[in-house]
Amino acid sequence: MSYTTQQDILDFVEDNNVKFVRFAFCDIFGFQKNIAVLTSDLPKALEDGVCFDGSAIAGFMHVEESDLVLRPDLSTMTILPWRTAEGRVMQFFCDVEKPDNTPFGGNCRGFLRDINRRFKQLGLRCNVGTECEFYLFENDDRGRPTRIPIDAGGYFDVAPLDAGENIRRDICLTMEQMGLAPQHSHHENGHGQNEIDFRYSDPLTAADHAITFHTVVRTVAAQNGLCANFSPKPLPDWDGNGMHINISAQCDEAAQPLPSVIAGILENIRDMTLFLNPCEESYRRLGHDKAPQYVTWSAENRSQLIRIPAAVGEYRRAELRSADPTANPYIAYALLIYAGMYGLEHELQLPPASDFNVYTAPAEVLEGLKKLPGSLYEAAALAGASAFINEHLPETVISAYRHR
């Protein structure tokens, strides 16, 4: 059943013993926040929104202009399945507005919705799917996280080498209960490293799901006495965590927009890197263990920045391999769509494919290839000087990332 009206929601609450409703949103850096509303106050909250102190949220407001309002998106309603059936907890994702109902520049969810709407107005459809990696670490005897992996397994290993298979199973089942669509799960290359892939969806839904995924993984890990870690390079001698972003672009005409979309992303990727790889640790991952370093593309080749997997029809897509799980998915997906539109508007053509392994290629082959930024400082400088970034991102967002 689709719950699209306030009365639909109130009827569901009454019929399903819901006692608390989380109004969830993200700060500028992609960390989920929420406020819980008791169901006795839900009718007013649905009608008027929920006011909160924006100055207490990283990157949002100054103390002298602090009030902001959460407006729930009713279509995102879900039950949190790990909470007790007695006094159930429900959640909405919200947009953030100013008290006078005007847009708030830090509302990254609304920012993504608006750019996707513009993409549709061009007669194009965009879908996004993510492949997210994470480590499972042990906790110490006081319940504090360590950096001790739960196993010594490797890529695609099975039990007993893979000690995380039951946890991945629980994560996938929980995702399904919440309306998410897991597609594949497996042990990754690093000790204690795992990956779960999503079925594609529209960009806004995909971003909501990416945020929910982090919460689900951390919750299920904690229920098993473990710690889930999404940082880009938690173990110096093992693979980092990536968030591979699969993006497709389709239209009803015979022309195929994807090549120009890829060309636009390649053209602007260096300027966007600050928002795809937003912390110092991100740059210890790039250029190592299959994480890209050069601005290149190829078909199927996993050593390149963008690869085009061997898929046809609705599954035809480009896979961007540089982003990591510390990126705010609302900003990341929006910038990729903007870059794709740039490629289409300028009728960009793809450069020649780099059909070689960049990790073993001789120096003369790599000479002249553009590189991704090698540090957070370089990425911030490129973003600050970028006409593309300054045209498409609010100044408050750019400043927050550059001076984090």
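This briefing covers aromatic pairs, charged side chains, helix and strand packing, and backbone exceptions in one structure.

The model is predicted, with local features requiring pLDDT of at least 70 and side-chain atom pairs counting only at pLDDT 80 or more, while totals for chains, interfaces and linings use all residues. Residues are numbered from 1 along each chain as its sequence is written, and side-chain values use heavy atoms, with hydrogens and water left out. Helices (H or I, at least four residues) and strands (E, at least two) are DSSP runs, numbered from the N terminus. Buried stands for under 20% relative accessible area, exposed for over 50%, and partly exposed for values in between (1.4 Å probe, protein chains only).

**Aromatic rings**

- The whole structure contains 14 aromatic pairs; rings of Phe, Tyr and Trp (its six-membered ring) pair if their centres lie within 6.5 Å, and planes under 30 degrees apart count as stacked, over 60 as edge-to-face and the rest as tilted.
- One of the pairs is Phe-198 with Phe-213, which is edge-to-face at 5.1 Å centre to centre and 75° between the planes.
- Because Phe-198 lies in strand β9 (residues 193-198) and Phe-213 in helix α5 (residues 203-223), this pair ties together parts that are 15 residues apart in sequence.
- Phe-198 is buried at 7% relative accessibility, and Phe-213 is buried at 1%.
- Phe-275 and Tyr-401 form a tilted pair, with ring centres 4.9 Å apart and planes at 55°.
- Phe-275 belongs to helix α6 (residues 258-276) and Tyr-401 to helix α12 (residues 395-402), so the pair ties together parts 126 residues apart in sequence.
- Phe-275 and Tyr-401 are both buried.
- One aromatic cluster is made up of Phe-25, Phe-52, Phe-60 and Phe-104.

**Charged side chains**

- Arg-199 has its charged end over the ring of Tyr-200, 4.8 Å from the ring centre; the criterion is NZ of Lys or CZ of Arg within 6 Å of the ring centre and within 35 degrees of the ring normal.
- Over the face of Tyr-155 lies Lys-290, at 6.0 Å from the ring centre.
- Arg-109 is located in helix α3 (residues 108-121) and is buried, with a relative accessible area of 4%.
- The side chains of Arg-109 and Asp-95 are joined by a polar contact of 3.4 Å; a polar contact is a pair of N or O atoms within 3.5 Å, where within protein one must be able to donate a hydrogen and the other to accept it, and residues adjacent in sequence count only if both atoms are side-chain atoms.
- Not counting residues up to four places away in sequence, Arg-109 touches Asp-73, Thr-76, Phe-93, Cys-94, Asp-95, Leu-204, Asp-208 and Tyr-330, where contact means heavy atoms within 4.5 Å.

**Helix α12**

- Val-397, Ile-398, Ala-400 and Tyr-401 are the buried residues of α12.
- These residues cover an arc of only 165° around the axis, which puts them on the same side of α12; the arc is taken from the directions from the helix axis to the C-beta atoms.
- The cover over the buried residues of α12 includes α6, α8 (329-345) and α11 (387-392).

**Strands β3 and β4**

- Strand β3 runs antiparallel to strand β4 (residues 67-79) and is joined to it by four bridges; strands pair if DSSP finds at least two bridges between them.
- Val-50 has Leu-70 as its bridge partner in β4.

**Helix α5**

- Gln-223 is in helix α5 and is exposed at 52% relative accessibility.
- Gln-223 and Trp-82 are 141 residues apart in sequence, and 9.3 Å apart in space from C-alpha to C-alpha.

**Backbone exceptions**

- Most residues other than glycine have a negative phi, and most peptide bonds are trans.
- The peptide bond joining Ala-159 and Pro-160 is cis, with omega about 10°.
- Pro-160 is in the loop between β7 (145-149) and α4 (165-177).
- Asn-17, although not a glycine, has a positive phi of about 55°.
- Asn-17 is in the loop between α1 (6-15) and β1 (18-26) and is partly exposed at 26% relative accessibility.
- Asp-289 also has a positive phi, near 50°.
- Asp-289 is in the loop between α7 (282-285) and β12 (297-299) and is partly exposed at 41% relative accessibility.
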